[in-house]
Each structure stands twice: as structure tokens, then as C-alpha cells.
Amino acid sequence: MSEREGVDSDGPTPSSREVSGRVKNTWMLGGILLILSGLLNSGRPEVPYLHIVSVLLFAAALVVFAIGLKSEASVTARKPLGTFALIGLGVFSVLHVFEGQLAGIVQIELLSLLTLIGLAARGALALIAVVQIARVAVVPRPWNTLPGWTLVAIAAVNALQIVTTQVFVLHGNAGGADAQNTLFAISSVVGLVTMAAPLLLGVMAIVLATRASGEQTVPVFHSHEN
């Protein structure tokens, strides 16, 4: 038997049980953070600190999933593009929370521009992240596509809200009772989807973490892989 059998360039290959335990711990922690984030994302203006805590928990969950407590637990296999996209999405999400603090400090035009840039950056980073998660398939199929579908749902309801608002504005009846009721209903749907998305992903992560602690095979990604 060769001395290097079962050993790669980074040392002994971890056993399937060890890998499963590392994946379980990472995904369980990330799932709990996502669920707490969704539960605290009430969207109630009278308790803005809850939204801040929600976003911080969301960002922390993204970092946990991106890096993993060990490399094999990273949902992006620690590949640079997906990993930096997930972490960047968390950072921009936190920055977005504090954009309102700039009101009155910077000109409204500049604030609007910063908001637009932040929205575009978060959208691009989210798209890159979900594509990479689906592509590397550390998360078992078909669940590796669920983050992508949640992104589609969030984008769809937000687009519906923007288009509906613009239609009412162009027709000059944005202040009418019917328009206000419609916009309120759509806004409620946006809030519901935004809250449900991290809850759904968090539950999925915990379920997969529980499965990973069983006998299922969990892929191991070594540092020499591209």
C-alpha cells in the first residue's frame, strides 16, 4: 500500500462522518440565523431596531454559509466568485440599512444615486451567489436551486410594486383610494415574501443539516480543486 493512499496534498482526507458533522454544524447555525432574521423582519416602522437586527443576522448567515466552519461545509465550496458574492451581499445589505441616516447630510440626488447603486449591487451579487450555489452543488440537488427561486420571487414582487406605482403615477391617480389600497396590498405581499424567503431557506438548511448527520455522502472539496 502506498504511503500516500488516502492522503491528498493537504494531509489526511477527513472521514465521511467527520465531513457530515462539519456540514451539519455550519448549516444548522446558518439556518437558525436565517430563521431568526426572517422572524425579526416585521417591517414595522415603530420598531426599526428589529429590522436592523434582522439584517445583521441575515448578513451573518451569509458569511457562515459562504465560508463554512470548515471548507467542505461552504455552500460555494469556497470558490472565490460565489464566496465573495455571498459575503458582499451581506455587506451591502447592512450598508443599505444605514442609508436613511444620510438623509439631511447629503443631497437628495446623491442619496437617490447611492440607493440605486446599492440596489443594483445587491441584485448582481445575489444573482451571482445563487448561480454559483446551484452550479457547485454542495447543497444537494434539487435544493441547490431553491435560493435562485426565492430570488426570482423577491424580484418579481418588487418589480410588480415598482411597475404598479409608476402606472398610477403616470395616470395621475396615485393618491386615489383604489390606488392606495392596491399599493398597500402589493406592499404587504412584498413584505410577506421578503420575510418568508429567509424562513424557507433557513428551514431547508436545518433539514439538510439533519440529513447530513446521517449516512448520506457529503462531497469533500480539496484546496487543489479549481
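Leaving aside neighbours within four places in sequence, which residues is Leu86 in contact with? In this predicted model, where local features need pLDDT of at least 70, side-chain atom pairs count only at pLDDT 80 or more, and totals for chains, interfaces and linings use all residues, Leu86 is in contact (heavy atoms within 4.5 Å) with Leu62, Phe65, Ala66, Val75, Thr76, Ala129 and Ile133. Residues are numbered from 1 along each chain as its sequence is written, and side-chain values use heavy atoms, with hydrogens and water left out.

Leu86 also belongs to the largest nonpolar core, which holds 29 residues. Such a core is a set of buried Ala, Val, Leu, Ile, Met, Phe, Trp, Tyr and Cys residues joined through side-chain atoms within 4.5 Å; buried means under 20% relative accessible area, exposed over 50%, and partly exposed in between, with a 1.4 Å probe and protein chains only. Trp27, Phe65, Val75, Leu86 and Val139 touch the most other members. Two or more residues come from each of α1, α2, α3, α4 and α6, and α2 gives the most, with 6 residues. Helices are DSSP runs of H or I with at least four residues, numbered from the N terminus.

Helix α4 has 29 residues and reaches 42 Å from first to last C-alpha, close to the 42 Å expected at 1.5 Å a residue, the expected span being 1.5 Å times one less than the number of residues. Its buried residues include Arg122, Ala129 and Ile133. Ala137 follows α4 and has a positive phi of about 55 degrees although it is not a glycine. Ala137 lies in the loop between α4 and α5 and, at 14% relative accessibility, counts as buried. The loop between α4 (108–136) and α5 (146–170) also holds Pro142, and the peptide bond from Arg141 to Pro142 is cis, with omega near 0 degrees. A positive phi of about 60 degrees is found at Arg78, which is not a glycine either; Arg78 is in the loop between α2 (48–67) and α3 (80–97) and is partly exposed, with a relative accessible area of 39%.

The lining of the largest pocket comprises 47 residues, of which Phe58, Ser93, Arg122, Ile154 and Thr194 are the closest to its centre. At least two lining residues are supplied by each of α1 (16–40), α2, α3, α4, α5 and α6 (177–212).

How values were computed:
1 Å grid on protein atoms, 1.4 Å probe; cavity = no way out; pocket = protein on both sides within 12 Å on 5 of 7 lines; lining within 4 Å.
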